[in-house]
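This report looks at the cross-links and charged contacts that join parts of a protein chain. Please keep the sequence and the model in view while reading.

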Amino acid sequence: MFFYALLPLFWAVAKAHLFQFEIISNASTYYFNYVYCNIWEGECQPNQDDATQQVPTKNPWAGFPQDYMSLLSQWYCSLGQCCESGDCRITNNITGLANDLQFKLHGQHIAQSVVLKAVQGFVNDPDSNKPLTLSFHGWSGTGKNFVARIVADNLYRDGVKSECVRLFIAPFHFPHARLVDTYKGQLREAIRDMVLRCPQTLFIFDEAEKLHPGLIDAIKPYMDHYDNVDGVSYRRAVFLFLSNIGGATINDVALDFWHSGQNREDIGMEDLEHRLRAEAMESEGGFAQSELMSGHLIDFFVPFLPLEYRHVKLCARDAYSARGLEPDEETLDEVAKAMLYVPKEERLFSSQGCKSIPQRINFFLP
């Protein structure tokens, strides 16, 4: 009896041509590389000319008629795999987000406050009139990628590996300017398919300043104040743009505070956001030249401050703890001293941030 109940599902699978080996092979190669690079944190350098590493454009579920998707959903829930929220993939753990930002993120009091308030406000407002769009700015290694992962980990059960989360790395996924028209179609289709599959989605664009302006403008309507675009609502989507634009401006402000004897923690959004917005508008690159900027569709420009010696030590402590080790203060000092700092005389700000610490501590292990 159970077998006969599944016959319509088997028929739908055949009808959808899911077993097209070329599509499956390309998608498998893409996601293997995606996991292997540890969500854009590792040292791997993907082959940008490999077509199998471009954005998968075909949704394997697109061939399912809607009534069979409903049948599949009902059967899945009959096995006890559904929860009260209606979608177990989405957790929206704001308490966890607050704790992670407070205890795992070091030296970023502005980002901690702004990201928490923005995400919490979005989650608690089901009738928001536009998607949430945040732009992270600062030196490499200051925590932009780290915060994006924290957001994903607390909004979704499977974190960045969730099928409701998509990461795009500008030079990796869209490396060739001559193919921008192709990329536009791929990107629009990828975003639309995800929004149709998930009631709440997260899109992360790393190295956003390297995106072609036409590519961002192609998805600009998805971030605008529209009820829907071609019958699809994008209001429950979150867009995160990660960029090095404004890094020098942020560092200048932090250095000015230090020279004037003011506490680093006294730096506020009012000291940086308007300068970041202006620099982003005037900078080179597709991100700045897009209608995303001129249309004022970014809700918050979030500054990530340069990390000081004490913050680097905290990052080193966390890296050791992640390996089940408890280092002494002397060991943490050795790791922190091995980093590069500017200005060189004062050894004030780490020019490498915390990104390379997990690899660097290998040199200090017995």
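## Terms and basis

A residue counts as buried when its relative accessible area is under 20%, as exposed when that area is over 50%, and as partly exposed in between, with a 1.4 Å probe and protein chains only. By this rule Cys315, at 14% relative accessibility, is buried.

The model is predicted, so local features need a pLDDT of at least 70 and side-chain atom pairs count only at pLDDT 80 or more, while totals for chains, interfaces and linings use all residues. Residues are numbered from 1 along each chain as its sequence is written, and side-chain values use heavy atoms, with hydrogens and water left out.

The structure holds two disulfides. One of them is formed by Cys164 and Cys198, whose sulfur atoms lie 2.3 Å apart, and with -85° about the S-S bond this link is left-handed. It joins distant parts of the chain, since Cys164 sits in the loop between α6 (144-155) and β2 (165-169) and Cys198 in the loop between α8 (180-197) and β3 (201-206), 34 residues apart. The helices (H or I, at least four residues) and strands (E, at least two) named here are DSSP runs, numbered from the N terminus.

Are these two cysteines buried or exposed? Cys164 is buried, with a relative accessible area of 0%, and Cys198 is buried as well, with a relative accessible area of 2%.

## The disulfide of Cys315 and Cys354

Cys315 and Cys354 also form a disulfide, with their sulfur atoms 2.0 Å apart, and the 75° about the S-S bond makes this link right-handed. The pair links distant parts of the chain: Cys315 belongs to helix α14 (residues 309-322), whereas Cys354 lies in the loop between β7 (349-350) and α16 (357-360), 39 residues apart. Cys354 counts as buried at 14% relative accessibility.

Arg264 is buried at 7% relative accessibility, and Glu308 is buried at 14%.

The side chains of Glu265 and Arg310 meet in a salt bridge of 3.3 Å, N to O. Glu265 lies in the loop between α10 and α11 and Arg310 in helix α14, so this pair ties together parts that are 45 residues apart in sequence. Glu265 is partly exposed, with a relative accessible area of 42%, and Arg310 is partly exposed at 41%. Lys313, in helix α14, is paired with Glu329, in helix α15 (residues 329-337), 16 residues apart, and their salt bridge brings the closest N and O atoms to 2.7 Å. Lys313 is buried, with a relative accessible area of 17%. Through shared partners, salt bridges join Arg264, Glu265, Glu308 and Arg310 into one network.

Key:
A disulfide is a pair of cysteine sulfur atoms within 2.5 Å. A salt bridge is a side-chain nitrogen of Lys or Arg within 4 Å of a carboxyl oxygen of Asp or Glu.
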